[in-house]
Amino acid sequence: MTRTITVTRAWGSAVEGRALVMREGFSPRYDLDRWTGVISRIGHSSEGESIKDRILIIPTSKGGVAGGWAFYDLLHKGIAPRGMVFGKLNPVMVQGAVLAGMPIMEGWQENALDLIGNGRLVRLDPAAKTISLLD
Amino acid sequence: MMSNLSAMDAGTMTLDEEEQAMLRGDKGPAVQEAIQFQIQVGNFFEARRFVRITHAHVMGDIEVMGDGGLQHLRRMGEQHATCSVPTSSNAQCMHFHADPKLRQDEAEMAKENDILARYQGMRIATTDSCIPYQNVYQPKFGEHVAWGDTGTVIYANSVLGARTNFEAGKSSFAASLTGRTPEYGFHLASARRGTLSVQLQAKMVDCADWGALGKIVGHPHQDYFAVPVIEGCDRMPMSDDLKHLGASLASYGSMAMFHLVGVTPEAPTAQAAFGGRAPTDTMVVTDADIQAVYDAYRYREDGASIVVFSGPQLSLYEMQRLSELFDGRQVAPGMSAVVTTNHMVYSDAQRLGYAGILERAGVTILQGVCFYILQRLSKIREENGWTNLISNSGKLVNTITAHRFNTVLRRTADCVDIACTGELR
C-alpha cells in the first residue's frame with residue numbers, strides 16, 4: 001500500500017518528482033545559485049544539490065522576499081523545482097509559488113523529513129492535501 | 001495560473017461589489033489578474049475578506065525578477081496597470097556607479113532602466129529605498145499597508161503599529177492595483193500577540209548589538225508567526241537600532257513582528273504584548289551572549305577583505321556618524337569599504353558634507369541599492385578576490401551567504417578601524 005502523509009494547507013495541481021529533503025531552512029536568495037539551480041551556501045545541508053525538477057521538502061522558510069519573484073524566474077530559466085512542501089512557511093513562498101503555478105504545501109502531521117528519504121519518488125496532491133511515497 | 005479555484009471563484013473569501021467587479025474584469029485585465037492572484041493567496045491562508053490599504057511598497061529588480069519577471073511586468077504595462085494607492089519602490093540591484101571594482105552588466109542595466117521606467121509609468125515613486133519608514137511614508141497605528149520588503153514589514157508592524165504581511169513579488173503590485181490585500185496573518189489582532197519571551201540583560205551600545213540580538217532570538221525560532229516580546233531594555237533605542245533589530249529578526253527568523261516592552265506601541269506592558277498567551281519559550285540574553293555572537297565569526301587568511309555598511313540602507317544619522325568615524329582617515333591599501341543608501345539620504349548627505357568626507361576617505365557610496373542584492377555580485381567578489389566581508393549589519397552577514405563570502409559581524413567603530421588599518425580583528 002502506498003504510504004501517504006497528510007498536510008494542513010495546500011495549493012496547486014498534482015505533481016510527481018524526486019524529493020530533495022533539506023535538514024534546515026531554505027531561501028532562494030540566501031542558499032541558492034539562481035543561475036544554475038544548485039544550492040550554493042557554504043555548509044547548507046543540501047549544498048551542491050540541484051533543485052531542478054525536484055520536490056523540495058523543507059522544514060522552514062527562511063528570510064526574505066526574494067521568493068516572490070525567484071520561483072517564477074527559475075521557471076523561466078528552466079531550473080525550477082516541481083513543487084515545495086514546508087513544515088512551516090511564510091507568505092512569500094505562497095505568493096511566489098502561486099505566481100509560478102508551482103504546487104505548495106505546509107504543515108505535516110507526521111514528520112515528512114524522517115519519512116521521505118532524499119531522492120524518493122513522491123506525488124503531491126494539493127486537492128487531497130496528501131503526499132504519497134511512490135517507491 | 002493553476003489553482004484550486006476556478007478563475008471566478010473566491011473560495012473562503014467574501015467579496016464586496018467593487019471586488020466582484022474587479023474579478024469580472026470591469027476594471028481591466030491588470031486589476032482582474034491582480035485580484036485573482038490575491039484570492040489564490042488569500043485562500044491558502046483561509047482569509048475571509050479583503051482589507052483596504054493606504055500604501056504599497058513594491059520589490060523587484062532585474063537580479064531577482066529575471067527576464068521572466070520583466071516580461072510579466074511588461075505585460076502589466078500593456079494592460080495599463082496603474083497603482084490605486086501611493087506606492088514606493090524598494091532598493092534595487094544596479095548602482096550605476098563608476099567604481100571599476102563593482103562593474104555590472106550593461107545589458108542588465110538596460111533592463112533595470114526598463115523596469116524603473118515601467119514602475120514610473122504605473123505611478124510608482126521609484127524611491128529605491130528599503131527604509132521608506134524613515135523618509136518616505138510612515139503609516140499610523142492600525143493602518144493597513146502592503147509592503148514588499150521584510151525589514152520594512154517588521155518595522156511597520158512592530159514600531160509603528162501598522163499592519164502588513166510580507167507582500168513579495170507580484171503580491172505588493174497586486175495590492176497596489178486593487179487597493180486592498182487579503183486579511184490574514186498580521187492584519188489580524190490574533191497574530192500580533194507575543195509568543196516568545198526574551199529577557200534582555202545586555203547593554204546595547206551599537207546597532208550591531210541589535211543585529212546580534214536578532215540573530216540570537218531569530219535563528220533558533222525560524223517561524224513567520226513567532227512574535228518575540230523583549231523586556232529589560234534600559235534606554236530608549238533609536239529608530240536605527242530598531243531597524244537593525246527588525247531586519248535581523250526577519251532575516252534569521254523570517255519574523256514579521258516583535259514587541260519591545262515600554263517602547264513599541266502594542267507593548268505598554270509584557271502582559272499586554274502577550275495578550276493572554278503563554279510564551280512558548282523564554283530566553284535570557286546577556287552581554288556574554290552578544291559577545292559570543294561576535295566571537296563565533298572567523299576570518300579566512302586567504303584573499304582580500306571588504307567592509308560594508310548596508311542592509312538596510314543607511315539613514316542620514318548613520319551617514320553622519322560614519323563620516324565622523326572616517327573623518328581624516330583613509331581606507332587601508334588592499335581593503336575596500338562600501339556604503340549603501342537611497343537617493344534622498346545621499347542628496348542630503350552630500351549637501352551636509354557627510355558624503356564628501358566618506359568619499360575622500362576612500363569609501364564608495366552606492367545609491368538606491370542594497371549590497372547583497374547587487375547584480376553580478378558573485379562575479380564581483382571573484383574579480384576582487386574578496387573572501388572576508390565585515391559588516392555592522394546582522395542582516396547582511398546572513399543574507400549574502402549564497403555569494404560565498406565569509407562574513408564577520410563587528411560593531412560600527414570596529415568596522416571603520418578594520419577598514420582603515422587592514423587589521424582583521
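Residues are numbered from 1 along each chain as its sequence is written, and chains are lettered from A, and ligands numbered from 1, in the order in which they are written. Because the model is predicted, local features need pLDDT of at least 70 and side-chain atom pairs count only at pLDDT 80 or more, whereas totals for chains, interfaces and linings use all residues.

Between the chains, 41 residues of chain A are in contact with 37 residues of chain B; contact here means that the C-beta atoms of two residues, placed from the backbone, lie within 7 Å. On the side of chain A that touches chain B, β1 (3–11), β3 (32–33), α1 (67–77) and α2 (91–100) of chain A each supply at least two residues. Helices (H or I, at least four residues) and strands (E, at least two) are DSSP runs, numbered from the N terminus. The largest share of that side, nine residues, belongs to α1(A). Sorted by class, the side of chain A that touches chain B holds 17 nonpolar, 15 polar and nine charged residues. Ala, Val, Leu, Ile, Met, Phe, Trp, Tyr, Cys and Pro count as nonpolar, Asp, Glu, Lys and Arg as charged, and the others, Gly among them, as polar.

Chain A also contains a barrel, closed by seven strands in the order β1-β7-β6-β5-β2-β8-β9 with mixed pairing. On average, neighbouring strands of this sheet are turned by 40 degrees against each other, direction ignored; the axes are lines fitted to C-alpha atoms, for helices over the stretch in contact, and angles run from 0 to 180 degrees between N-to-C directions. Two strands pair if DSSP finds at least two bridges between them. Strand β2 (residues 15–21) and strand β5 (residues 54–60) of chain A pair in the parallel sense over four bridges, and A:V21 stands opposite A:I57 in β5(A).

Chain B is assigned domain 1 (17–189), domain 2 (193–294) and domain 3 (299–421), with bounds from an automatic or database domain assignment. The centres of domain 1 and domain 2 of chain B, taken over C-alpha atoms, are 27 Å apart. Their contact takes 15 residues from domain 1 of chain B and 15 residues from domain 2 of chain B. Helix α6 (residues 150–160) of chain B gives the largest share of the domain 1 side, eight residues. That side of domain 1 divides into eight nonpolar, seven polar and no charged residues.

A residue is buried if 20 or more other C-beta atoms lie within 10 Å of its own, exposed if 12 or fewer, and partly exposed in between, with C-beta atoms placed from the backbone. In helix α7 (residues 170–178) of chain B, nine of its nine residues are buried. Just after α7(B), B:G179 takes a positive phi of about 75 degrees.

The loop between α2 (29–44) and β1 (50–52) of chain B holds B:A47. B:A47 counts as buried because it has 24 C-beta neighbours inside 10 Å. Not counting residues up to four places away in sequence, B:A47 touches B:T12, B:M13, B:G42, B:P182, B:E183 and B:Y184. B:E46 is found in the loop between α2 and β1 of chain B, and its phi is near 55 degrees, a positive value in a residue other than glycine. B:E46 has 12 other C-beta atoms within 10 Å and is therefore exposed.
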